[in-house]
Amino acid sequence: MKRSRGEHVFGLINAVLLTAFAAMALYPFVYVVSISLSTASEAAREGLHLYPKEVTWTAYKMVLGNPEIVVGYLNTIYRTVLGTVLTLLMTCMCAYPLSRKYMPHRRFYTFMVIFTMLFNGGIVPVYLVVKSLGLIDNRLVYVLPMMLTGFNVIVVKNFFQQVPESLAEAARIDGANEFGILFRIYIPLSKPVLATVGLWTAILHWNMWLDAMIYITSNSKQVMQTFLQRIVIESSVELIEKGIVNPDVTQFTPETIKAATIVITILPMLVLYPFAQKYFVKGITLGGVKG
């Protein structure tokens with residue numbers, strides 16, 4: 001079908017606007033990468049920074065040479081991996097019985113899950129609970145309080161309800177129990193929603209820093225985002241000076257250190273997102289259907 005002139009004009013304007021919006025969204029990242037690789041004089045130059053004219057890796061060497069930041073990076077990886085795995089496991093085990101129509105008092109338990117989405121106890125009550133459980137200055141405080149959320153349970157529950165009941169009945173006839181049905185049928189068929197929830201959880205854990213500031217007192221248990229907050233917001237000179245011995249001051253500035261820290265922090269999520277993106281829309285769409 002031949003397109004009209006108005007459709008061609010609309011398509012052109014749409015393409016131009018979307019390209020402009022994409023450029024505006026992409027430029028801050030390009031700017032940060034360019035600054036992180038630039039020398040002190042180049043970083044101080046005014047104007048656009050689309051690429052470093054003089055490349056230096058000094059800022060990255062200083063950041064990665066800081067033992068506290070490296071330990072914080074490892075702690076962030078620990079909480080992200082363990083927290084995501086535990087969240088997916090517990091969410092599936094909670095969502096599966098709620099998706100079964102024959103579960104007694106299913107509506108009541110579903111209401112209790114939704115109720116947790118409407119009210120929050122606040123920082124002080126949560127701190128008292130965490131303290132009573134002995135989780136202060138304990139790495140488990142990163143994963144246990146956030147292990148299960150009502151929103152994730154509802155999304156996965158709705159997805160489970162889209163799986164044909166005949167599959168569970170066939171497995172039950174073959175002698176499978178509820179755990180076998182969950183782990184052999186429902187979870188393998190739920191990759192889209194699990195990838196979506198897993199991505200949400202991983203990003204949440206990777207970006208969290210407030211809980212580390214509240215509950216963790218040892219530097220050896222702090223996460224990368226805490227050090228990022230100190231470097232970028234507080235401009236902590238002490239952290240910058242620990243990165244390398246006798247650095248060449250012409251090769252870095254506090255701004256290049258901040259930029260290098262930001263790039264190192266966000267890089268894993270940028271690598272992870274494309275692999276989970278293909279499941280994202282499907283997982284939200286099917287998991288958001290009312291059951």
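Which residue forms a salt bridge with Glu-165, and how far apart are the closest N and O atoms? The partner is Arg-100, and the closest N and O atoms are 2.6 Å apart. A salt bridge here is a side-chain nitrogen of Lys or Arg within 4 Å of a carboxyl oxygen of Asp or Glu.

This is a predicted model, in which local features need pLDDT of at least 70, side-chain atom pairs count only at pLDDT 80 or more, and totals for chains, interfaces and linings use all residues. Residues are numbered from 1 along each chain as its sequence is written, and side-chain values use heavy atoms, with hydrogens and water left out.

**Salt bridges**

The whole structure contains 6 salt bridges. The table lists some, including the pair named above.

| Pair | N to O distance |
|---|---|
| Glu-165 and Arg-100 | 2.6 Å |
| Lys-221 and Asp-137 | 4.0 Å |
| Glu-255 and Lys-258 | 3.5 Å |

Glu-165 belongs to helix α8 (residues 165-173) and Arg-100 to the loop between α4 and α5 (106-118), so this pair ties together parts 65 residues apart in sequence. Helices are DSSP runs (H or I, at least four residues), numbered from the N terminus. Arg-100 counts as buried at 4% relative accessibility, while Glu-165 counts as partly exposed at 31%. Buried means under 20% relative accessible area, exposed over 50%, and partly exposed in between (1.4 Å probe, protein chains only).

Glu-255 and Lys-258 are 3 residues apart in helix α14 (residues 254-287), which means that about one helical turn separates them. Lys-258 is buried, with a relative accessible area of 13%, and Glu-255 is partly exposed at 46%.

**Asp-211**

Asp-211 is part of helix α11 (residues 210-215) and is buried, at 6% relative accessibility. Its side chain makes a polar contact (a pair of N or O atoms within 3.5 Å; within protein, one must be able to donate a hydrogen and the other to accept it, and residues adjacent in sequence count only if both atoms are side-chain atoms) with the side chain of Arg-79, at 2.8 Å.

**Helices α4 and α12**

The axes of α4 (residues 67-99) and α12 (residues 224-232) come within 7 Å and cross at roughly 135°. Axes are lines fitted to C-alpha atoms, for helices over the stretch in contact, and angles run from 0 to 180 degrees between N-to-C directions. The two helices are therefore oblique to each other; angles under 35 degrees count as roughly parallel, over 145 as roughly antiparallel, 65 to 115 as roughly perpendicular and the rest as oblique. Contact (heavy atoms within 4.5 Å) involves Glu-68, Ile-69, Gly-72, Tyr-73 and Thr-76 of α4, and Met-224, Gln-225, Phe-227 and Ile-231 of α12.
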